[in-house]
Amino acid sequence: NPLKFTVEGDDDIKLFPEDDEPVDILNIKRGLISALAVPVLEEDRNRRMPTIYGMCKTGYTVNAREDIATDVTLNRDLSKCDNFSPVKDHTSPLALITGLHYPLAQLIRSSQTCNYKFDNAQKHMTSASCTENHMLVPFSY
């Protein structure tokens with residue numbers, strides 16, 4: 001499954017899935033692209049950053065600093081990104097009545113936390129780890 005995506009400028013990331021690509025493979029690809037989108041730390045906190053989900057309000061914390069920030073954590077609420085649209089799974093048990101995919105998608109809250117580590121001497125990313133949480137709101141309690 002080849003990973004095909006484009007990045008134009010600072011704020012336009014597009015993923016091009018294969019025809020009939022399984023949802024799990026598509027999600028793996030989204031995770032890879034999200035992890036590779038290195039943050040720009042010179043901007044204000046909580047700025048809108050480009051992700052595979054669109055432009056997302058992003059908060060960040062610098063956990064360690066030498067000459068540059070060497071350990072950074074980002075937090076995003078994916079359900080508030082400007083192009084967020086969950087993949088529609090037509091075999092979902094929640095899709096008991098056809099046409100309810102959009103209202104059901106509004107019941108999902110999604111967040112992402114990414115941690116980046118940078119090499120202080122060569123100033124490049126050495127590791128990236130992203131975790132996404134998806135919660136169906138009616139069952140969250």
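Student: In this predicted model, what share of the 141 residues of the protein chain counts as buried?
Tutor: The model is a prediction, and a residue counts as buried when its relative accessible area is under 20%. Applied to the 141 residues of the protein chain, this criterion gives a buried share of 28%.

Student: What part of the accessible surface of the protein chain belongs to carbon and sulfur atoms?
Tutor: The accessible surface of the protein chain comes to about 9300 Å². Of this surface, the part that belongs to carbon and sulfur atoms is 52%.

Student: In what order do the elements of the protein chain run from the N terminus on?
Tutor: The secondary structure of the protein chain consists of two helices and seven strands. Read from the N terminus on, these elements run β-β-α-β-β-β-α-β-β.

Student: Which strands stand at the edges of the open sheet?
Tutor: The open sheet has five strands in the order β3-β4-β5-β6-β7, with antiparallel pairing. An edge strand here has a single partner strand, so one of its sides is left without a neighbour in the sheet. The strands that meet this description are β3 (47-51) and β7.

Student: What is the average twist from one strand to the next in this sheet?
Tutor: The sheet in question is the open one with the order β3-β4-β5-β6-β7. From one strand to the next, its twist averages 30°.

Student: Which strands of the sheet does helix α1 touch?
Tutor: Helix α1 comprises residues 23-36 and packs on the sheet. Its direction makes about 130° with that of β7. The strands that helix α1 touches are β6 and β7.

Student: Which residue of β5 is the bridge partner of R65?
Tutor: Strands β4 and β5 pair in the antiparallel sense, and seven bridges connect them. Within this pairing, R65 has as its bridge partner in β5 the residue A69.

Student: Which residue in β6 is the bridge partner of T73?
Tutor: Strand β5 (residues 69-77) runs antiparallel to strand β6 (residues 108-118), and seven bridges join the two. T73 has as its bridge partner in β6 the residue N115.

Student: Which residue in β7 stands opposite S110?
Tutor: Strand β7 covers residues 125-136 and pairs with β6 in the antiparallel sense over 11 bridges. In β7, the residue that stands opposite S110 is H134.

Student: Which residue in the hairpin of β6 and β7 takes a positive phi?
Tutor: This hairpin has six residues between the strands. A positive phi near 55° is found there for K123.

Student: Where in the chain are the two cysteines of the disulfide that joins C56 to C81?
Tutor: The sulfur atoms of C56 and C81 are 1.8 Å apart, and a disulfide joins the two residues. This pair links distant parts of the chain, 25 residues apart. C56 lies in strand β4 (residues 54-65), and C81 lies in the loop between β5 and α2 (101-105).

Student: Is the link of C56 and C81 right-handed or left-handed?
Tutor: Both C56 and C81 are buried. The angle about the S-S bond is 115°, and the link of C56 and C81 is right-handed.

Student: What is the S to S distance in the disulfide of C114 and C130?
Tutor: The pair links distant parts of the chain, C114 in strand β6 and C130 in strand β7, 16 residues apart. With 110° about the S-S bond, this link is right-handed. The S to S distance is 2.1 Å.

Student: What pattern do the disulfides of the protein chain follow?
Tutor: The count comes to two disulfides. With bonded cysteines counted along the chain, the pattern is 1-2, 3-4.

Student: Which residues form the aromatic pair?
Tutor: A search of the whole structure finds one aromatic pair. The pair is stacked, with 6.3 Å centre to centre and 20° between the planes.

Student: Leaving aside its neighbours within four places in sequence, with which residues is F5 in contact?
Tutor: F5 lies in strand β1 (residues 5-8), and at 35% relative accessibility F5 counts as partly exposed. Apart from its neighbours within four places in sequence, F5 has contacts with K14, L15, F16 and I33.

How values were computed. Residues numbered from 1 in each chain as written. Predicted model: local features only at pLDDT ≥ 70, side-chain atom pairs only at ≥ 80, totals over all residues. Heavy atoms only, no water. Pairing = 2+ DSSP bridges. Helix = DSSP H or I, 4+ residues; strand = E, 2+ residues; numbered from the N terminus. Buried < 20%, exposed > 50% of the residue type's maximum accessible area, 1.4 Å probe, protein only. Areas by Shrake-Rupley, 256 points an atom, 1.4 Å probe, with all protein chains shown as cover. Phe/Tyr/Trp six-rings, centres within 6.5 Å; stacked < 30°, edge-to-face > 60°. Disulfide = S-S within 2.5 Å. Axes fitted to C-alpha atoms, helices over the stretch in contact; angles between N-to-C directions. Contact = heavy atoms within 4.5 Å.
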